[in-house]
Amino acid sequence: QVQLVESGGGSVQTGDSLRLSCAASGRTFTSYTMGWFRQAPGKEREFVGAISWNGGNTYFADSVKGRFTIARDNAKNTVYLQMNRLKPEDTAVYSCAARHRSLPNAEYQYWGQGTQVTVSS
């Protein structure tokens, strides 16, 4: 089992920045690819971005590419989502997730409870 706890959400204005954190515990953190997802009210959950186990590769949805970055600190078992130039359409509950790195085509196995991000115009 992997336990994931997000933090750092809040209410900001358009154009502001916010950094989310996701602290992991339970299993070897470096065994996992880490992903960020979001779900807005009335919408399906969507992929935001992901980072490989060693931080060497990152992937982003087109909607956030160039504005969001992902980093991980394996010594602290933590992954970060840096969100810049935020827009109202970024408003959602953001969740982190873990997928074992040996299963690149599998669904993410572990999920955090999510943290709310609200961007007002």
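Predicted model: local features only at pLDDT ≥ 70, side-chain atom pairs only at ≥ 80, totals over all residues.
**Entry 1: charged pairs**

I started with K65, which forms a salt bridge with D62, the closest N and O atoms being 3.1 Å apart. For this I counted a side-chain nitrogen of Lys or Arg within 4 Å of a carboxyl oxygen of Asp or Glu. D62 has a relative accessible area of 67%, so I logged D62 as exposed. My cut-offs: buried is under 20% relative accessible area, exposed is over 50%, and partly exposed is in between (1.4 Å probe, protein chains only).

Residues are numbered from 1 along each chain as its sequence is written, and side-chain values use heavy atoms, with hydrogens and water left out.

How many salt bridges does a search of the whole structure find? I got 4. Another of them is R67 with D90, with 2.7 Å between the closest N and O atoms. That pair links distant parts of the chain, 23 residues apart: R67 sits in the loop between β6 (58-60) and β7 (68-73), and D90 in the loop between β8 (78-83) and β9 (92-100). Strands here are DSSP runs (E, at least two residues), numbered from the N terminus. Buried or exposed, I asked of R67? R67 is at 5% relative accessibility and therefore counts as buried. Salt bridges that share partners join R38, E46, R67 and D90 into one network.

**Entry 2: R38**

Next I looked up R38, which is found in strand β4 (residues 32-39). R38 counts as buried, at 6% relative accessibility. Its side chain meets that of E46 in a salt bridge (2.5 Å, N to O). E46 is partly exposed, with a relative accessible area of 34%.

Contact means heavy atoms within 4.5 Å.

**Entry 3: the core**

Which residues have the most contacts inside the largest nonpolar core? They are L4, M34, W36, F68, L81, M83 and Y94, in a core of 30 residues. The core is a set of buried Ala, Val, Leu, Ile, Met, Phe, Trp, Tyr and Cys residues joined through side-chain atoms within 4.5 Å. At least two core residues come from each of β3 (18-25), β4, β5 (46-51), β7, β8, β9 and β11 (115-120). Among the residues Y94 touches are L20, F68, L81, M83 and V117.

**Entry 4: the disulfide**

I found 1 disulfide in the structure, taking that as a pair of cysteine sulfur atoms within 2.5 Å. C22 is joined to C96, S to S 1.9 Å. The torsion about the S-S bond is about 55 degrees, so this disulfide is right-handed. Since C22 lies in strand β3 and C96 in strand β9, the pair ties together parts that are 74 residues apart in sequence. C22 is buried at 0% relative accessibility, and C96 is buried with a relative accessible area of 0%.

Definitions and conventions. Helix = DSSP H or I, 4+ residues; strand = E, 2+ residues; numbered from the N terminus. Lists of a residue's contacts leave out its neighbours within four places in sequence.
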